[in-house]
Amino acid sequence: MAERSEVRHSALHHVGITTGKIDEMLLWYSKVLGMKINFEKVNPAANLPGVKAAWVTNDKANHRIALRSIVST
């Protein structure tokens, strides 16, 4: 009989996502992956009004996923 090997789980490492539904995505990542917001800012760049950015993590990293909303026209 073959011996069972250890299952290795992948980890997210600093993924960046641009979305039109940042609030919904923050809620989803919170519920599904247990992510917490480490940083959140509206208008993070002066030349991009209407943009929201958030960094989330589910461990001790400063962030695993960076989310940025798109500018609506």
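**Briefing: sheet, core and aromatic pairs**

Asn38 touches Trp55, Val56, Thr57, Ala61, Asn62 and His63, leaving out residues up to four places away in sequence. Asn38 is found in strand β2, in a model that is predicted. The strand β2 belongs to an open sheet of 4 strands, ordered β1-β4-β3-β2 with mixed pairing.

**Sheet**

- The strands β1 (15–19) and β2 (36–42) stand at the edges of the sheet, and each has a single partner strand, so one side of each is left without a neighbour there.
- On average, neighbouring strands of this sheet are turned by 15° against each other, with direction ignored.
- The pairing of β1 with strand β4 (residues 65–69) is in the parallel sense and runs over 5 bridges.
- Within that pairing, Ile17 has Leu67 in β4 as its bridge partner.

- Asn38 counts as partly exposed, at 45% relative accessibility.
- The C-alpha atoms of Asn38 and Arg64 are separated by 10.0 Å, and the two residues are 26 residues apart along the chain.
- His63 is found in the loop between β3 and β4.
- Is His63 buried or exposed? With a relative accessible area of 11%, His63 is buried, because the cut-off for buried is under 20%.
- Apart from its neighbours within four places in sequence, His63 is in contact with His14, Asn38, Trp55, Val56 and Thr57.

**Nonpolar core**

- Which residues make up the largest nonpolar core? This core has 9 residues: Ile22, Met25, Leu26, Tyr29, Met35, Ala54, Val56, Ile65 and Leu67.
- At least two residues of this core are supplied by each of α1 (22–33), β3 (52–57) and β4.
- The largest share of the core comes from α1, with 4 residues.
- Val56, one of the core residues, is in contact with Leu26, Met35, Lys36, Ile37, Asn38, His63, Arg64 and Ile65, leaving aside its neighbours within four places in sequence.
- Leu67 is a member of this core and also the bridge partner of Ile17.

**Aromatic pairs**

- How many aromatic pairs does a search of the whole structure find? The search finds 2 aromatic pairs.
- One of them, formed by Trp28 and Tyr29, is edge-to-face, at 5.0 Å centre to centre and with 90° between the planes.
- Trp28 is partly exposed, with a relative accessible area of 48%, whereas Tyr29 is buried, with a relative accessible area of 12%.
- Tyr29 is also listed in the largest nonpolar core.
- The ring centres of Phe39 and Trp55 are 5.4 Å apart and their planes stand at 50°, so this pair is tilted.
- Phe39 lies in strand β2 and Trp55 in strand β3, so the pair ties together parts that are 16 residues apart in sequence.
- Phe39 counts as partly exposed at 36% relative accessibility, and Trp55 counts as partly exposed at 33%.
- Trp55 is also among the residues in contact with His63 and among those that Asn38 touches.

Definitions and conventions:
Residues are numbered from 1 along each chain as its sequence is written. This is a predicted model: local features need pLDDT of at least 70, side-chain atom pairs count only at pLDDT 80 or more; totals for chains, interfaces and linings use all residues. Side-chain values use heavy atoms; hydrogens and water are left out. Two strands pair if DSSP finds at least two bridges between them. Axes are lines fitted to C-alpha atoms, for helices over the stretch in contact, and angles run from 0 to 180 degrees between N-to-C directions. A nonpolar core is a set of buried Ala, Val, Leu, Ile, Met, Phe, Trp, Tyr and Cys residues joined through side-chain atoms within 4.5 Å. Buried means under 20% relative accessible area, exposed over 50%, partly exposed in between (1.4 Å probe, protein chains only). Contact means heavy atoms within 4.5 Å. Rings of Phe, Tyr and Trp (its six-membered ring) pair if their centres lie within 6.5 Å; planes under 30 degrees apart count as stacked, over 60 as edge-to-face and the rest as tilted.
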